[in-house]
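Please keep the structure in view while going through the points.

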Amino acid sequence: MSAQRKFTTPTFPDDWQMLPEGSVVDGSRATRDATDAADYVIIGSGAAGATAALHLATAGFSVILLEEGPWIRTRQFGADMLGAMKTMFREMGGMLTVGKAAFPVIQGRCVGGSTTINSAIAWRAPEKIIDAWDTDFGLDGTITNADLEQHYVELETSLSVKPVDDAILGIQNQLFNEATIKLGIRGERIQRYDAGCDASASCLTGCRTGKKLSMNITYVPQSLHKGARMYTSAKALKVESEYGRATAVQARLLAPGGPRLRVVARRGVIVAASAVQTPGILKRSGVKSDQVGKHFQVHLVSSLTAGYHQVVNMDQGATQGFNSTHYGESERFKTEVVSLPPELLAVRLPGVGPDLMRNLLDYRHALNWGVVVRAEAEGRIHPVLGTDVIAYSPTPTDMARIRRGLRKLSEMMFASGAKEIWPSVQGMPTMRSADELKAWDSASLDPKDYGLMASHLFGSARMGPDAKSSVVGLDFQVHGLRGLYVLDSSLFPTNLGINPQHTIMAVARLGAARIAELPLPSRG
Ligand SMILES: Cc1cc2nc3c(=O)[nH]c(=O)nc-3n(C[C@H](O)[C@H](O)[C@H](O)COP(=O)(O)OP(=O)(O)OC[C@H]3O[C@@H](n4cnc5c(N)ncnc54)[C@H](O)[C@@H]3O)c2cc1C
Ligand code: SF4
């Protein structure tokens, strides 16, 4: 009996007993102030931070990772969306922009960062965009497609990147594929970090089978096995510097009484806290440039829900298995499948009271597809009293692209047999046939009338050669402060038009490799 139990109970790389003893300190249990030291201190354990940690630890440096969120283990993941939002989403998913419309900016706040709660999509950046960083922003060969190639390949091998298999597509993805074929538009089977996905369509609550190769079960534990150490529930407050060189990080441990942690950084501090939180850390650390927080960009997302006669079973299949980049170059949007759990679908369905209940009971016949716009608007992150205010308003052109994308999605839905489409756009009626599509032409362009969100975030501490117009230099070092590096998408001069995790990791890997070759930063 016990032998059988041993056989059927899987172990996960994030199980306590699988990790080197003493490699993780849970800051939420700390009772007193502490000090520590390492060659490199890395702030943030998401796509960028975990990638940098693994690279530097493998190269033989001592590394300490500081992560503000808790480490929710694979065996603690459940199907409950609200539970996941409480434990792993920043501000429970309720962090809002300030501007013409308040819409949510969604991020992970846990070990693995947003990768723990994302859909594992792994696309390389369009080569034209990386080329434009050189020509339009003076990156002068710092990040080229040729440089990234090797890093993409290494990531793809170690994180098992593969296209979604037929067996796990699920009906919502098959219908999307059928729609692109019927309408003669290009559709792509999505590539993901996948070690044997069993099609539970629940990537957003964390993968319960450990098959999604997010940072919490890959590069973070792997870094710890290479000798790195980590503090969880440890919020980095500021970087200390002496004679123009970063020397240590001050953090607050998120335990009663707020004990302090100070970690000396012998070779440098790497900020990888995301495009929303990185500017605040830089400001609090005395980086005076007025460029910090500027040029913040996103991919703007809206989605459409539809009911079908046939059973769709949105909870079966890869969470996101198909997308279409057909309009990517010409109109700066892509369309994609986004499976939603019932809790999130409920807010997208029409009706109240018994009508809403009836529609919810019809969950098995509903699906949700999204439009992702490479928005031209630029916002600004304002770090204010320890919080990060996101000032951002889409431009009228961005909204016209959202509207156009939603219209295209409606065409795709009817082409694949939708019975009804429920636009979550103020003033837009439920649509029951393709004859009604023209209603989109007169739909509002006011962002307040749309259900918008963003989770692809860029550019608030841009890289560039000139300290007057950028924050991070071509050596990944903050202008004017030696030994302080930025490796997340804050340094990207622009957004990408494609899901960013893969590029963020490739750039972080490239940056970590360059940093490892630098001599010890000197004082003053
Ligand atoms: C729901 C969702 C789905 C997505 N789906 C995809 C997808 O399928 N494919 C894709 O390419 N992209 C996807 N993305 C986007 C992708 O996950 C992010 O672009 C990527 O993870 C960003 O990497 P990062 O390292 O900059 O930030 P994150 O991965 O968000 O990590 C930053 C980490 O830093 C920590 N941190 C912040 N401030 C501090 C501080 N002061 N002290 C200590 N730690 C701190 C945070 O808690 C967080 O854990 C998705 C995002 C979300 C939210
Ligand atoms: S869809 Fe696949 S990768 Fe996503 S949570 Fe389910 S099993 Fe894991």
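In which hand, left-handed or right-handed, does helix 2 pass helix 13? Point 3 returns to this question.

1. Basis of the note. This is a predicted model, in which local features need pLDDT of at least 70 and side-chain atom pairs count only at pLDDT 80 or more, while totals for chains, interfaces and linings use all residues. Residues are numbered from 1 along each chain as its sequence is written, and chains are lettered from A and ligands numbered from 1 in the order in which they are written.

2. Overall form. The protein contains 13 helices and 20 strands; helices (H or I, at least four residues) and strands (E, at least two) are DSSP runs numbered from the N terminus. Its radius of gyration is 23 Å, close to the 24 Å that the globule rule gives for 524 residues, so the protein is as compact as a globular protein of that length. The radius is taken over C-alpha atoms, and the rule is 2.2 Å times the number of residues to the power 0.38.

3. Helix 2 and helix 13. The crossing of these helices is right-handed, a term used if the near helix is turned clockwise from the far one by less than a right angle. The axes of helix 2 (residues 47-58) and helix 13 (residues 501-517) come within 8 Å and cross at roughly 35°. Such axes are lines fitted to C-alpha atoms over the stretch in contact, with angles from 0 to 180 degrees between N-to-C directions. Among the residues that meet are Ala48 and Ala52 in helix 2 and Ala508 and Ala512 in helix 13; contact requires C-beta atoms, placed from the backbone, within 7 Å.

4. Domains. Domain 1 comprises 2-89 + 107-160 + 212-287 + 460-517, and domain 2 comprises 163-194 + 297-377 + 395-449; these bounds come from an automatic or database domain assignment. The contact takes 15 residues from domain 1 and 17 residues from domain 2. The C-alpha centres of the two domains lie 32 Å apart.

5. Ligand 1. This ligand is surrounded by 41 residues, the closest being Gly44, Gly46, Gly113, Asn118 and Gln501; a residue is near if its C-beta atom, placed from the backbone, lies within 6 Å. Helix 2, strand 9 (234-242) and helix 13 each supply at least two residues of this shell.

6. Ligand 2. Around this ligand are 14 residues, of which Cys197, Ser200, Cys203, Cys207 and Lys212 come nearest.

Note on methods: Contact = placed C-beta atoms within 7 Å.
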